[in-house]
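This report looks at a helix pair, a nonpolar core and a strand residue. The sequence and structure are shown first.

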Amino acid sequence: MSETVPPAGATPAVAVVGRPNVGKSTLFNRLVGRRQAIVHDQPGVTRDRIFGLVELDAGRVVQLIDTGGLVPPGDDPLGLGEQVFLAIGESDLLLFVVDGKDGLVAADERVWEAIRRTGKPAILVVNKGDARAAKEQFGEFHALGIEPQVLVSAEHGGGIEDLRQLVVGKLPPAAPAADEVEMPSIALVGRPNVGKSSLLNGLLGQPRVLVSPLAGTTRDPVDTVFAWEQRRFRLIDTAGIRRRSKVSGAPEELAVMFARRQMERAQLVVLLIDAADGVTTGDLTIAGTAWELGRAVVVAVNKWDLLDAAARERLEHSWPRLDEILAGPARVNLSALTGRRLDRLMPAVAATLDRYRLELTTSEVNRLFERAVARHQAPQLRGQPWKLFYATQVSTGPPTFMLFANRTLGRGGYRRYLENRLREACGLGGVPVRLVVRKR
């Protein structure tokens, strides 16, 4: 149904690899220029591959991939190593990061021995170079046989420019740039452990992110660009959003905050709910947040194949609350794990995105609102009727309309009435509509 594609036609990939807690995510954030990957002293915080675009010297752009720390197989219950080697396999260059303050340790040698067999070119990045011990022990790392090597401080930025120049020098020649097509971003959101990562993997047809029955496995937001029906989309897998009182541990709290930020980056949100649980208070909260941000929403009801008659009745009984908040969104009943009905999701997403970008001519807008007003007049205020003079669309994504009248409208029923008539006329289920009423 889909194929994974790079963010740009011939963008080379550079993977940041090494043992746990040597500063890989800090280096990734430094090179990307924003705090995209979660950084914490606790080893194992980075679990999935994290992607970001970096513009280097000479105008070169690379896709940087942050990875989890490599550990011996017996100490890897979540299968982090599989994700690391997937990143290595799709990369043109590796940044092998070590801790300069620790000096060369046996764990570095074991990890490099496993990576060296892949035959990928590498740069040795000795991190924490601002420490005296790192400068004194820098020469020890020549024993690994990796050239070139560079001393950096990912936290403070020392040596980063030298590293950027080394990366440019190790990259293959630049290919002619392909025209970049605007890609809508789609955030996969929901409560913890409802199957977001399984859904992403199912769409892509590969184990792009970790899947585990343990809630909270996904912490970093994960971006993947893929093609469907000659259209390109950016999918953002996010950590499960839960009430703050349920959040435990600094990395998970950061993940929840990042998940909310990812909805701000997206144009459309796929809200995944657990069919067996029905629509919960948490689902309604997430839906309300997406709606307030002005994001289009498609609802995916996961684990549909596991429902019995009683569970289906519970789901249908709880559905109207969500349906009201999201103004009749497209709903797809599916199983992310088995792939059942998964082929129905992207058509619903594409159709909702098209409606999210609705553009009407001024004459069409005026005809729609004139019919709505003629059908039902606004309540009078102090004996004065509300009169519409003129209406026009001022933006899209979400569709936003400016109405000029003899007085403004509050947030009450008549504004909602106009929004609903517009939504009905244009088929805008699951799409927020913005009305700005100005007094002329």
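At roughly what angle do the axes of helix 11 and helix 12 cross, and within what distance do they come?

## Helix 11 and helix 12

The model is predicted. In it, the axes of helix 11 (residues 362-375) and helix 12 (residues 413-426) cross at roughly 125° and come within 10 Å. Angles over 145 degrees count as roughly antiparallel and those from 65 to 115 as roughly perpendicular, and the two helices are therefore oblique to each other. Their crossing is right-handed.

Helix 11 contributes Leu 368, Phe 369, Ala 372, Val 373 and Arg 375 to the contact. From helix 12 come Tyr 414, Tyr 417, Leu 418, Arg 421, Leu 422, Glu 424, Ala 425 and Cys 426. Sorted by class, the contact has ten nonpolar and three charged residues, with no polar ones.

## The largest nonpolar core

The largest nonpolar core has 52 residues. Those touching the most other members are Ile 186, Leu 199, Leu 345, Phe 369, Trp 386, Leu 403 and Leu 418. Helix 10 (residues 345-356) gives the most to this core, with seven residues.

Phe 369 and Leu 418 also take part in the contact between helix 11 and helix 12. Residues up to four places away in sequence aside, Leu 418 touches Phe 369, Ala 372, Val 373, Trp 386, Leu 403, Leu 409 and Leu 435.

## Thr 400

Thr 400 lies in strand 15 (residues 400-405). Is this residue buried or exposed? Thr 400 is buried, because its relative accessible area is 12%, and buried means under 20%.

Technical notes. Residues are numbered from 1 along each chain as its sequence is written. This is a predicted model: local features need pLDDT of at least 70, side-chain atom pairs count only at pLDDT 80 or more; totals for chains, interfaces and linings use all residues. Side-chain values use heavy atoms; hydrogens and water are left out. Helices (H or I, at least four residues) and strands (E, at least two) are DSSP runs, numbered from the N terminus. Buried means under 20% relative accessible area, exposed over 50%, partly exposed in between (1.4 Å probe, protein chains only). Axes are lines fitted to C-alpha atoms, for helices over the stretch in contact, and angles run from 0 to 180 degrees between N-to-C directions. Angles under 35 degrees count as roughly parallel, over 145 as roughly antiparallel, 65 to 115 as roughly perpendicular and the rest as oblique. A crossing is left-handed if the near helix is turned anticlockwise from the far one by less than a right angle, and right-handed if clockwise. Contact means heavy atoms within 4.5 Å. Ala, Val, Leu, Ile, Met, Phe, Trp, Tyr, Cys and Pro count as nonpolar, Asp, Glu, Lys and Arg as charged, and the others, Gly among them, as polar. A nonpolar core is a set of buried Ala, Val, Leu, Ile, Met, Phe, Trp, Tyr and Cys residues joined through side-chain atoms within 4.5 Å.
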